[in-house]
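Let us walk through this structure together, one step at a time. Keep the sequence beside you as you read.

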Amino acid sequence: MADRGDTHYHVLKLNRWFLVSSGLLLLSVLWMVVDDAQRPWKDYQREFRRIEIARTEELLSSPQYQEMAGAEESLRAALQGAVVEQERHQADLARLADELTAAEGERFKVTEKAKSLKEHYANTLRIIEEHRVHEGNPSYGAEDLAKKFQELTDAELEKARTERAVASKKAEIAALESEVAAAESKLKAATKDLELARKKLQSLAPSDVQGKVANLIRDAPGLDFIGPSLKVRKVVLENLTNNLNFTVKSRIDMCHTCHMAIDREGFEDEPQPFTTHPDLDLYLSAKSPHPLNDVGCTICHQGCGEALDFIRADHRPMADADDPVGTGQWAEWEEKHHWHKQHHWDWPMLTREYIESSCVQCHTDSMELIAEDAPQVSEGYRLFERYGCYSCHKVEWLPTTRRPGPSLARWKSKLDVDWIASWVANPKAFRPTTWMPQIFHLENFAPDEVIAVSDFGRGREIKGQEWNDSAVASIVAFLDERVPATELPEIPLEGDAERGREVFRVSGCLACHNLAPYEGEEPRTEDPAFERAGENEHGPNLRGVATKIDARWLYSWILDPQAYWNETHMPDLRLSEQDAADITAYVMGDPDGVFTDVPDGWQVAPSPSDPEVLREQARWFFKRLGEDELDARFAGESPEHRWDDPRALMVAVGEKFVLHQGCYSCHEIPGLESVMPIGTELTNWASKTVDKLDWGFVADLMQKEHGWSLNEREEFKHYREGWLEQKLHEPRSFDRDKVKLPLDRLRMPYFAFTGEQVKAISTFVLGLRDDEVQLARMRPDAVQASMNAGLQTIRQKNCAACHVVEPGSVTFEHEGQTVTVHAELQPFSAEDKLPPKQSDLAGLQAEIASWEEATEEELEEVGFRLLEVEPTVGLPGQTIFVEPDAIVAVTPPWGGDFVRTVTDYYFFGIAMFDPEAAEDEAIYGWNLGEEGEVEDVDGKLRPYFDEQYDKIRWTFAPPVLIDEGYKLQRDWFYAFLRDPVALRRQMRVRMPSFHFAPGEAEAVADYFAYHSEIDWPRRYAKTLRYAEGMETKVQFQDPAIPWPEASTMRSGGDGLTIDELVAIANETPAAAGLTAAAVRGIERGYGPDIVASFPKVMSLGSALGFDLNAPVVRGSDLIQRRAPSHVTARGPFVEIGATLATDAAAVNCYQCHWHGGEPPAQVDSPLAWGPDLALTRERLREDWTEDWLWNPALIYPGTSMPGNFQNEPPQYQAFYPNSTNRDQIQSVLDWLYNYDRWPVATQ
Amino acid sequence: MKLLTALGILATAGAAVALNDTPVIQSSYLVHANPPAAGATTGTITGKILFDGEEIPKPGKLDNITEKAAEGCVAGGLPNDEDPTLLVDKDGGIKNAVIEVEVKGAELALSEKPIVLDQMQCRYEPHITLVAVGSTVEYLNSDKVSHNVHTFPTKNEGFNKTIPAGSKDAQKLDKTEAIQVKCDIHPWMSAYIYVTDTPYATATAADGSFSIPNVAPGTYKVNVWHEKLGKAKGEVTIAEDGTCTALEIKLGEKKGGGRRR
């Protein structure tokens, strides 16, 4: 087109430009299409499809599926045969079909007729009735009505006949077609899985041309917007928002676009990104508590969930033990993915090391409940609490508020001034394991560093050493001034150190304290007191305390710890004054050289102080007063501040130092009770962006020092955890190479955490975030909340030091399967008095090795005793023997370390070394008795070294609390915890009187009750499986024999396998559909399976006549046997129960049991004593007591309580004629629960 | 009700008499399954187990028998308070030690006679019972008071049941070991069941002597066990003519209250 000249533009030129630009546009569209087709995630999806195809093909060619395919052929042939056979009857079928049509037609006619007759009759009836009423003629129309009724009846009969005819025709047809139908359904059932796999393969990789083409087109570049098979997968989390630079938006996670199998089982061994998540029970699966569709990925893992690109997702190289900073993977990724850190994303993905930190953000109200699944962060939480981090660094939601350090309000009755000075200067020099951190003499006040120059820069230089010495001296002076002197009364009794050694041992001190030598020293004895066992570090290590404390103070402290420090964890053991005096004599006299043993280099001396340094410190602290005022005070010219007196000056400076260092945060100091803590609040610490952290020059220094590469430095510098770890390891290191005024320097003290502790605490602190994620916070229900509180109290009161709270377990190969059972290890041989200590597999192997070395024999079998019913294995109390190699794993019980301290004492006495003797010499047992006898509660000495371990353990050691909630009445448990009564009078170990905060005792009792309730389905399933496969001596007449009774009749058989149980279930209508996986889930206590499938297991149980007493019913523990109606009805039987229980020729309970405060006949054998029977009615749940009477060994394997009612034929007929064992137990129970109402002559 | 009870007691007394049908109490129930052929030369191993120590221990007394605790045990008196756990005569002979001779191929048959461990006057009778592995042991209570039989095995199944006055119960023992039997109701009562797999075993008499007949010529290892004094080993040779020098094996005192192992 030519230029007409009437436009301002040149058309031809424009057209050219247009051509070029549309060409460019087309190109860029093409480029876009091509680029889009090549996006990395599509490659991953294609790769995954290949994997799936290969797997499906493999599955189809597996023997199982081949067999299925083989069966399919024969089933198809059978179907074909049936079809052919049916075709032979084609004529019959056709005829029948016609006849059916005819019959149906007739039925329709007849039915319609009947319908209309019915209506007609009803109408007529109404009209006639009306007539009758109006006309007063009751017989009007009777004939007509009768006729109509007859017609209707005939029609109904006719209708019924035609229906029968139709039905019979249908039946005839069905009979002819039945073969085909049966063959079809058989084929379908047998090839269900096969068909599924084939369909899947067909959809993934169509074998026909059409399908192939269709798939090509679907994913073709440019056309793949219609219905592609490769597509972005995402979850949109409406409630869980992301805060992106002041914009709050829904969180969208697309991670599973590449991580295709993350929520699918069976891809565990595939390489990333196709690996299955390591714990589907807990995460991602639909039935888990964290389903993918509700929580997504980035809430836990962080990183950018909307990125579909390896780098932009902010993946993190992983660190492991061999590669602590993850440089190996770092380099690998740089090469493979051109990986680099995303500098503009504030939430880099967490490495596996710190992943547990994410638990905190949602679980602030349930920290105790997640301990098992998140051990590292829970440990961090515990350390945070134990070391009292919260007292300087506020964390809003933290439930603990007590001051972690001892009160200083009365310190003068305990310590002397010089000791305090040395302690403040460096607490770890006296007790390396103390939680008190080191505050002075740290790197940013290095001894030779010039901290200040005196006299306003005109005087001499003051070095770090002097500065610190003066600070310590002034703090001590301040404390001395502030706290009034307290004089404790003299100890009123003469203490006996020998007896004190024993009281110290048996009353329970060693449950929380230990005497372990400090690092580097090996204990010279095998005595448990010298081992650090975790629980026995709840209180301080007592080595060296005799050099620290005052004897009168110790005596009063033992008798009443709260009087000195009202927030102490130390409970009141209710010891007698004599016991307290004896312990005091033992500790202060220290015959064993333990309590005066202090680390090398520990010295008690006052801290030096120089008036010039003091004055300089005062100048810094009181800078605002101005030079003149300060000089006036120094010269003694200010009447209220006579600082010319060095003591007055020290006190003034000391107070400033106490305030500056925040001593009052941990310790109660009179006058400073309500001063605010000095540390940064940590409630939202981890929401701080990395650039807000002061890194100082540490990264550079590190690089210089360690020669780290840039990457390593990046790793250190750009992640919060790097900063945290450094802070916890070397709290003052961010001051390095900086010039700072003395009072501006970092103040965080040095805790000497180990690497593991630092990791744990950092993990916890990294979880202190204030995201919108908090919307997903777990809000515990009433049960969970009280279990959480209960667990916290159990931990804080250290219940598990003495009591086994949860049993340990052994995992072993058994009949081709790996089985995990609750069990305790048994002695390796009859000559070994005690079982080996149960820790983990490595621990067991070490025990075996040392046994083999000592005996020069090879250990052929390891025995362990079952602690609960284990189908196909055995009953509680049975000992299972397996070869050492067959044991796959061992876990320790939770709690009960102190049991060994007790049993060791009764068997071997106190193992001590003679402080005078040379190394490796003179290890001997020390007891009160010359032969090794032990003092009993009645003050008599008795030998126990030849006794059986089980007897000592069950009689003298603290009781186990496994399933305690099933055993105890909750109200009694509350009361007992608050005010313990003497229950097992033979025990010298004391159940302490704890000072519970309101609600704490209740939470502990509730915890056990709820725990038993939650645990019950697991027990039920296992017991059912055992009971149904068990052989019994007698034929049951009664179908519903409760479990413990049935257990006494066992003659063989150890229960059904899961598959056998499931087979039975599927023949039982009420339980049909129960799967092996569900049973397995229930038996390992997996909540979702319990919710979904336990009702079926219960239905199966009741269908089979199985009965197991249920656990605690929430609410009350009403004792049925005390109801007036029950008592009236059972009156005579209560009498019988009383005689049966107490007669010497029958059960003879009083021989061993205390009763109403009266001692048993065995008053001279405390080893035989049983708990007071009078307490039964208020203490024990009826169900438990009944189970207990049936078969005590089922509950406490190894107990001395015999099975009293297991005789066949039933005994005691003289006392209760024609009675069964069950009758006898019922009458004894009636008596026990009405004990107070039936005084018995023998009482 | 009282009348009923009284009648009942009479009935039980009758039953107890019937039960007590003179049980044969013996210490060893070991029966040869394959004794050496009649006429073959065999020897008898004899010997003594002696105490090894400076001072021969005096017979001990059970000091926890009190009138109240032992009520009903013995009409008008207290049970015998001799401590059966360590009995050494004036010449040092140890009673109730067990000797086992390791003879390869020797097999045990199960005893046809019932094996009875009796509880009589609140003591076990006998103190030590030798039984073949696989035997069933009856726990009989001939007393007028109830006992409980509480066994402390390492390998066999545990047993802890009340045996009411005048009744009995039984248990099969499938593994070889020495099992302590105790009564928690009368804590001084203690006995051992020694489950063995060889017929060549016996327990010593009051003077520590023993004799094991019918042993084919050869050299054998001998194991000695005593509940308090532990284990010892020895060797014995029976000459081709069946003679054999008397064995003397010494058992030392274990130190009470020592550390484990």
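Chain B and chain A bury about 4,000 Å² between them, and 51% of that area lies on carbon and sulfur atoms. Buried area here is the accessible area (1.4 Å probe) that two parts lose on being put together, summed over both. Chain B gives 42 residues to the contact and chain A gives 55 residues, where contact means heavy atoms within 4.5 Å. This is a predicted model: local features need pLDDT of at least 70 and side-chain atom pairs count only at pLDDT 80 or more, while totals for chains, interfaces and linings use all residues. Residues are numbered from 1 along each chain as its sequence is written, chains are lettered from A and ligands numbered from 1 in the order in which they are written, and side-chain values use heavy atoms, with hydrogens and water left out.

How many salt bridges cross the interface of chain B and chain A? The rule finds 4 of them there; a salt bridge is a side-chain nitrogen of Lys or Arg within 4 Å of a carboxyl oxygen of Asp or Glu. The side chains of A:E947 and B:K182 meet in a salt bridge, at 3.3 Å from N to O. Side chains of opposite charge can pair when their charged atoms come close.

Strand β9 (residues 147-152) and strand β12 (residues 177-182) of chain B pair in the antiparallel sense over 3 bridges. Strands (E, at least two residues) and helices (H or I, at least four) are DSSP runs, numbered from the N terminus, and two strands pair if DSSP finds at least two bridges between them. In chain B, an open sheet of 5 strands runs in the order β7-β13-β12-β9-β10, with mixed pairing. Its edge strands are β7 (128-132) and β10 (160-163), each of which pairs on one side only.

Now step back to chain B as a whole. Chain B has 1 helix and 18 strands. Of its 261 residues, 51% are buried; buried means under 20% relative accessible area, exposed over 50%, and partly exposed in between (1.4 Å probe, protein chains only). Among contacts in chain B between residues at least 6 apart in sequence, 66% join residues at least 24 apart.

Chain B has a salt bridge of its own between the side chains of B:K61 and B:D81 (3.7 Å, N to O). Both residues lie in the loop between β2 (43-52) and β3 (98-102) of chain B, so the pair ties together parts that are 20 residues apart in sequence. Is B:K61 buried or exposed? At 59% relative accessibility, B:K61 counts as exposed, whereas B:D81 is partly exposed at 30%.

Over all chains, the structure holds 102 salt bridges. One of them joins A:D455 and A:R619, at 3.5 Å from N to O. This pair links distant parts of chain A: A:D455 is in helix α16 (residues 454-457) and A:R619 in helix α23 (residues 611-621), 164 residues apart. A:D455 is partly exposed, with a relative accessible area of 30%, but A:R619 is buried, at 7%.

Another salt bridge joins A:E531 and A:K837, whose closest N and O atoms are 3.7 Å apart. Here the partners lie in loops of chain A, A:E531 between α19 (509-512) and α20 (551-559) and A:K837 between β8 (817-825) and α32 (841-855), 306 residues apart.
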